[in-house]
Amino acid sequence: MAKQRVFNLKKPHQFFALGFGLGLARKAPGTFGTLAGLPFIFATQGAAIWLQCLIAIAMTLFGIWVCGKTADDVNVHDHPAIVWDEVAGFYITMIGAALSWQSLIVGFILFRFFDILKPGPIKWLDKRLHGGSGIMLDDVLAGIFSLICVQALFKTGILV
């Protein structure tokens, strides 16, 4: 097996794949990396749902490339420091949500729950897909599950 190389934030694809460097946190890199989704969420909070969905698709396609290329660079399929998948997943979670500190915390917790535990089809995708798609698409599905939960909480009035 080839020796693992060191990450280099000066390489643009690694800078993004590592969540602007947040994925390099020594503890809980996925949790810290998820926070890199906040600027995208705040920047598009007033945008039309169709535009938020288009941005999520673009983030996913971009992520397939940057995560796959970064994984190849370091010769590790889904290195914990590669967190663009969490960035996109959290963004998806918050599509169409009325933003408040409560909704952000609930969305964050739900996304991390689905991302870490990988119930049902999330685990199925995680085990069967490889490369950039394998890194990204289980988190996209975790984001969709979380999005459904967040929207349900708004519809029932639990989140306002």
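**Aromatic pairs, salt bridges, core and voids**

The count of aromatic pairs comes to 13, where rings of Phe, Tyr and Trp (its six-membered ring) pair if their centres lie within 6.5 Å, and where planes under 30 degrees apart count as stacked, over 60 as edge-to-face and the rest as tilted. One of these pairs joins Phe16 and Phe62, whose ring centres are 5.2 Å apart and whose planes stand at 85°, so the arrangement is edge-to-face. Because Phe16 belongs to helix α1 (residues 12-17) and Phe62 to helix α4 (residues 49-74), this contact ties together parts that are 46 residues apart in sequence; the helices (H or I, at least four residues) and strands (E, at least two) are DSSP runs, numbered from the N terminus. The model is predicted, and for that reason local features need pLDDT of at least 70 and side-chain atom pairs count only at pLDDT 80 or more, while totals for chains, interfaces and linings use all residues. Residues are numbered from 1 along each chain as its sequence is written, and side-chain values use heavy atoms, with hydrogens and water left out.

The charged side chains can be followed next. The structure holds four salt bridges, a salt bridge being a side-chain nitrogen of Lys or Arg within 4 Å of a carboxyl oxygen of Asp or Glu. Among them, Glu86 and Arg112 meet at 3.9 Å, N to O; since Glu86 lies in helix α5 (residues 84-93) and Arg112 in helix α6 (residues 101-117), the pair ties together parts that are 26 residues apart in sequence. Glu86 and Arg112 are both buried. Arg112 also meets Asp115 in a salt bridge of 2.5 Å, N to O, and here both partners lie in helix α6, three residues apart, about one turn of the helix; Asp115, like Arg112, is buried.

A further salt bridge joins Asp138 and Lys118, at 2.9 Å, N to O, and links distant parts of the chain, with Asp138 in helix α8 (residues 131-155) and Lys118 in the loop between α6 and α7 (121-128), 20 residues apart. Asp138 counts as buried at 1% relative accessibility, and Lys118 is buried as well, with a relative accessible area of 17%. Through salt bridges that share partners, Glu86, Arg112, Asp115, Lys118 and Asp138 are joined into one network.

Some of these residues return around the largest pocket, which has a volume of about 150 Å³. On a 1 Å grid over the protein atoms alone, a pocket is an open set of points with protein on both sides within 12 Å along at least five of seven lines, whereas a cavity is a set where a 1.4 Å probe fits but cannot get out, and lining residues have an atom within 4 Å of a point; grid points are joined across faces, edges and corners, and a volume is the space filled by probe spheres set on the points. Of the 16 residues that line the largest pocket, the closest to its centre are Asp78, Asp85, Glu86, Asp115 and Lys118. Two or more lining residues come from each of α2 (29-34), α5, α6 and α8, with α8 giving the most, three residues. The lining divides into five nonpolar, two polar and nine charged residues, where Ala, Val, Leu, Ile, Met, Phe, Trp, Tyr, Cys and Pro count as nonpolar, Asp, Glu, Lys and Arg as charged, and the others, Gly among them, as polar.

The structure also holds one cavity of 30 Å³ or more, and the largest cavity has a volume of about 60 Å³. Its lining includes Ile41, Gln52, Tyr91 and Leu99, and divides into six nonpolar, four polar and no charged residues.

Technical notes: Buried < 20%, exposed > 50% of the residue type's maximum accessible area, 1.4 Å probe, protein only.
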